[in-house]
Amino acid sequence: MNRFLPVFNLVGIVALTVLCMVQWWTNRQLHLEVFNQERTILEHVSKLAAQDRTIKNSAADLDAFREQLVRSDAALKEAEAKLAVHPVGDSPNAAERDQLKKNIDVWTAAIATRDGQLKIVNERLQSLARERNEAADKFNELAGKYNSVVKDLNDARARLASAKSGGTSSAR
């Protein structure tokens, strides 16, 4: 019996060690799972907070759009009421509008007339420019002929002068 007790004690310690390791492993798995769940919860909380902000901003935008719609509806009703009181054809500005349309027609005709006159003047200017260029060409041609005649005259005078001086020196 004395021998049985230490072996039994050793088997108990090994069993207790195995049991502690299994317990430690189980606790570790549970803690990892809790940690993952807490992280997931924090992510969800941040997503919910972002969604709440988005919902609040969307609600504020929706309220602004509703107010704008109400103002637009009121402005439309007011414009319709004014239009009912002053139909488009009978408005006090109709005469002025008609006068302005007539003025535009007169102005358009005047512009067309002016453009026609400018075209005629432009053609006349081009014609005058051609005539001027032709006159300048004729003048240049005449000047060239004059220069040629003057050169011939100078050459003839020089020959005459050399003939006179050559003739007087041979007569001596």
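Predicted model: local features only at pLDDT ≥ 70, side-chain atom pairs only at ≥ 80, totals over all residues.
The protein contains 2 helices and 0 strands, and its C-alpha atoms fill a box of roughly 185 × 90 × 15 Å along the principal axes. The radius of gyration is 59 Å, whereas a compact globule of 172 residues would have a value near 16 Å. Of the 172 residues, 2% count as buried.

With regard to charge, the protein carries 25 positive and 22 negative charges, whose mean positions lie 12 Å apart. The count of salt bridges comes to 6. One of them joins the side chains of arginine 97 and aspartate 98, with an N to O distance of 3.6 Å; arginine 97 is partly exposed, at a relative accessible area of 34%, and aspartate 98 is likewise partly exposed, at 36%. Another links arginine 114 to aspartate 115 at 3.0 Å, N to O, where arginine 114 has a relative accessibility of 41% and aspartate 115 a relative accessible area of 39%. A further salt bridge, at 3.7 Å from N to O, is found between lysine 145 and glutamate 141; these two residues are separated by about one helical turn because they stand 4 residues apart in helix 2, residues 94–171.

Terms used. Residues numbered from 1 in each chain as written. Heavy atoms only, no water. Rg over C-alpha atoms; globule rule 2.2 N^0.38 Å. Buried < 20%, exposed > 50% of the residue type's maximum accessible area, 1.4 Å probe, protein only. Lys, Arg positive; Asp, Glu negative; His and termini not counted. Charge placed at Lys NZ, Arg CZ, Asp CG, Glu CD. Salt bridge = Lys/Arg side-chain N within 4 Å of Asp/Glu carboxyl O.
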